[in-house]
Amino acid sequence: MAGGPPIVDLVAGARPNFMKVAPVLRALEAAGRLGTRLVHTGQHYDDDMSGVFLRDLGIRQPDVSLGVGSASHGRQTARILEAYEEHLLSASPPTRVVVVVGDVNSTAACTLAAVKLGIPVAHVEAGLRSFDRTMPEEVNRVVTDALADLLLVSEPAGEENLRLEGIAEDRIRYVGNVMIDTLVRELPAARECGAATTHGVEAGSYAYITLHRPSNVDDPERLSAVLSLLERLAERVPVVFPVHPRTRARLEASGLDRRLDSSPGMRRCAPLSYRESLGLMAGARVVVTDSGGVQEETTFLGVPCVTLRPNTERPVTERLGTNTVVGSDLEKAWTVTVEALDGRTREPQPIPGWDGRAAERIAEVLASRYGTPVD
Ligand code: UD1
């Protein structure tokens, strides 16, 4: 590719990265002023955590696979750092700029590897802060934003947080939310994929659950209390619960999986594809979650969301959206869930840049900074 356009490495590692990378890859290719190289770190590796997302979202097979797999935080981060540095040192053509997304270990590790070699990094979804350093993702966000050259912000609080940290204005760009780009594009197919029928539920009459945060699933006592909430919910409406591998492991280790199976309204299943999950979310009466992205998706869809976390790095989903962050208080979670079941819901307001075109804006910024000049 001698003489070709400068190359941008797009890094994906874990499940929530794929829906953010897909629109950016597409927009960069359409703009044509930068070549693209898709790098998969292998932080997630099961087909239902990775492969199915590439297929669903029409992402090509990765150009580079680092194959790092699961390990403790330090070890996983170190493995990614080492493998990605090796790639950067030998890449041909060389990498002009690295684009990282979100807040997983792959995001922080690849940023560190690139910056140490003098290669600029652009961070998509910059500036989010939960102000809770017990969350591994918060540490990844802070590290990534401190080091990245270009901070591409998805929600209003992000700009404010970066300014308060003293980041220079010329590093910050409010571009909007690429997850919503993917949602807008995939929603018709998601509605048609028949996931509700597959799971034996009817639109508007079930609850949809996602749970995987260490703070909810790693401690058996907390996990048991969360299950009690779900069992109570399953007495009112069917509960569709795709179980994340971390959660599955903790349920099995503590024997709590048997309780789930004895609750008649509970429909637990393996992790779902993007389209199935989106289709089920769009048709749910209420969503109970501890995910970051699901808070945004439900806000865009106008579906009530109960977030089982003490804080959110996405405050706009409470301010203008349908999200209620209930803290560790499961009685409050129940009250808010019942309000949603009874139809006492909030209408979401439009959020700047959540319009399906964030990736186009990102491609423009990247092309003007790093791309081949237009004649
Ligand atoms: C990671 C991210 C989290 C993100 C989540 C989405 C970090 C710090 N955490 O958390 O921000 O919300 O992904 O899923 O980057 N496992 C499998 N198959 C896989 C991947 C993992 O079985 O393909 C199992 C392994 O036992 C592993 C465990 O899940 O130890 C946890 O995986 P890991 O990537 O460490 O963290 P997540 O909880 O998935």
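Two strands are taken to pair if DSSP finds at least two bridges between them, and helices (H or I, at least four residues) and strands (E, at least two) are DSSP runs, numbered from the N terminus. The model is predicted, so local features need pLDDT of at least 70 and side-chain atom pairs count only at pLDDT 80 or more, whereas totals for chains, interfaces and linings use all residues. Residues are numbered from 1 along each chain as its sequence is written, and side-chain values use heavy atoms, with hydrogens and water left out.

View 1. Strand E1 (residues 7-12) is joined to strand E4 (residues 95-101) by four bridges in the parallel sense, with Val8 partnered by Val97 and Leu10 by Val99. Val99 also stands opposite Ala122 in strand E5, and E5 (residues 121-126) runs parallel to E4, the two being joined by four bridges. Six of the seven residues of E4 are buried, so this strand is largely enclosed by the rest of the structure; buried means under 20% relative accessible area, exposed over 50% and partly exposed in between, with a 1.4 Å probe and protein chains only.

View 2. Seven strands, paired in parallel, follow the order E3-E2-E1-E4-E5-E6-E7. Strand E3 (64-65) and strand E7 (172-174) each have a single partner strand and stand at the edges, so one side of each is left without a neighbour in the sheet.

**View 3. Strand E8 between its partners E9 and E11.** Strand E8 (residues 207-210) runs parallel to strand E9 (residues 239-242), to which two bridges join it, and also parallel to strand E11 (residues 286-289), to which it is joined by four bridges. Ala207 and Ile209 point one way from E8 while Tyr208 and Thr210 point the other way, and all are buried. Tyr208 is opposite Val240 in E9, and the bridge partner of Ile209 in E11 is Val288.

**View 4. Packing of helix H13 with helix H14.** The axes of H13 (residues 274-282) and H14 (residues 293-301) come within 10 Å and cross at roughly 50°; axes are lines fitted to C-alpha atoms, for helices over the stretch in contact, and angles run from 0 to 180 degrees between N-to-C directions. H13 and H14 are therefore oblique to each other, given that angles under 35 degrees count as roughly parallel, over 145 as roughly antiparallel, 65 to 115 as roughly perpendicular and the rest as oblique. In the contact (heavy atoms within 4.5 Å), Tyr274, Leu278, Met281 and Ala282 of H13 meet Val294, Glu297, Thr298 and Leu301 of H14.

**View 5. Packing of helix H10 with helix H16.** Helix H10 (residues 220-234) and helix H16 (residues 330-341) have axes 11 Å apart and pack at an angle of about 25°, and they are therefore roughly parallel to each other. H10 contributes Arg222, Ala225, Val226, Leu229, Arg232 and Leu233 to the contact, and H16 contributes Leu330, Glu331, Ala333, Trp334, Thr337 and Leu341.

View 6. Pro352 lies in the loop between H16 and helix H17 (358-370) and is partly exposed, with a relative accessible area of 47%. Although Pro352 and Gly176 are 176 residues apart along the chain, their C-alpha atoms are separated by 6.7 Å.
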